[in-house]
Amino acid sequence: MIFYEFPTSERIRTLLRLESAFSTLAHFIGQDTSDDHHAAIMMLFDLAEIGARGDIKSEFLQELERQRVRLEGLRDNPAIAEDTLENTLDNIEHIHDQQLELTSRFGNEIRESEWLSSIRQRTTLVGGAGQFDIPAYAYWQKQPTEVRRQDLLGYQAPLLGMRDMVAVLLKLLRENGRPVSLLAKKGKFQQMSGGQVAQLVRIGLSPELAVVPEVSSNRHMVNVRFLRPPTQHERGIQAEMDVHFHLASCKL
């Protein structure tokens with residue numbers, strides 16, 4: 001099953017972008033070549049840029065606290081697994097308290113590093129990270145793999161609290177949407193939303209289906225349209241076949 005996710009608010013878009021950036025960063029740090037580690041540096045810059053857009057750390061902390069209060073109200077509910085609930089609450093409390101102790105904004109360490117800043121300024125130019133542009137960076141790229149990796153892990157360390165915060169919020173969001181099996185006749189589906197706007201619409205499709213979803217959602221309805229993927233020679237077009245899919249409307 002392939003899941004496509006469609007956020008309907010800027011906050012959820014930011015969470016998904018951060019999740020993707022952290023996943024990509026971990027991948028490139030785990031590789032061995034200097035090119036991979038250059039890509040990891042670029043991902044650090046992307047994370048710092050996302051962190052500079054308003055006080056997202058404060059927003060996420062408020063959301064964590066709201067979720068903690070909501071989950072506290074589920075105690076003694078026989079339909080809820082007590083061990084799972086307690087583990088989730090402990091995790092939220094740990095992450096929340098850890099982030100409260102840090103006074104700097106998310107990504108501040110990256111933005112304030114003179115060495116990283118010198119690289120970032122040059123990499124805004126096409127091919128701007130060449131040896132003649134930044135000799136010190138070229139020297140670092142020639143260091144042993146483990147030396148570079150340890151440096152990258154050090155730059156990543158102050159960001160791990162935010163990574164954990166993003167992970168727990170997205171886990172709660174996804175778990176709050178129960179997937180329903182549906183049929184889009186001739187590639188189109190429409191469902192009344194009952195005044196409840198989902199923060200994240202998840203579409204599950206069999207990988208054997210050569211279609212991709214397009215979703216629009218508001219407080220009145222959810223519209224799903226399935227398109228045949230565009231190719232090199234033609235744009236994507238409306239699928240005319242019936243499409244079986246799963247839909248989950250998720251909200252924190």
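The structure is a predicted model, in which local features need pLDDT of at least 70 and side-chain atom pairs count only at pLDDT 80 or more, while totals for chains, interfaces and linings use all residues. Residues are numbered from 1 along each chain as its sequence is written, and side-chain values use heavy atoms, with hydrogens and water left out.

Strand β4 spans residues 200-205, and six of its six residues are buried (buried means under 20% relative accessible area, exposed over 50%, partly exposed in between, with a 1.4 Å probe and protein chains only). Helices (H or I, at least four residues) and strands (E, at least two) are DSSP runs, numbered from the N terminus. Cover comes on both faces of β4: L200, R202 and G204 are buried on one side, and V201, I203 and L205 on the other. Strand β1 (residues 2-7) pairs with β4 in the antiparallel sense over six bridges, pairing being called when DSSP finds at least two bridges between two strands. Here I2 stands opposite L205. Strand β8 (residues 243-250) also runs antiparallel to β4, joined to it by five bridges, and C250 in β8 is the bridge partner of L200.

Turning to the rings, the whole structure holds seven aromatic pairs. Rings of Phe, Tyr and Trp (its six-membered ring) pair if their centres lie within 6.5 Å; planes under 30 degrees apart count as stacked, over 60 as edge-to-face and the rest as tilted. One of the pairs, W115 with W140, is edge-to-face, at 5.6 Å centre to centre and 65° between the planes. W115 lies in helix α6 (residues 114-123) and W140 in helix α7 (residues 135-141), so this pair ties together parts that are 25 residues apart in sequence. W115 is partly exposed, at 24% relative accessible area, whereas W140 is buried at 7%. W140 also pairs with Y137, this time stacked, with 5.8 Å between centres and 10° between planes. Y137 and W140 are three residues apart in helix α7, which means about one helical turn separates them. Y137 itself is buried, at 0% relative accessibility. Ring pairs link W115, Y137, W140 and Y155 into a cluster.

As for the lining of the largest pocket, the classes come to seven nonpolar, four polar and four charged residues (Ala, Val, Leu, Ile, Met, Phe, Trp, Tyr, Cys and Pro count as nonpolar, Asp, Glu, Lys and Arg as charged, and the others, Gly among them, as polar).
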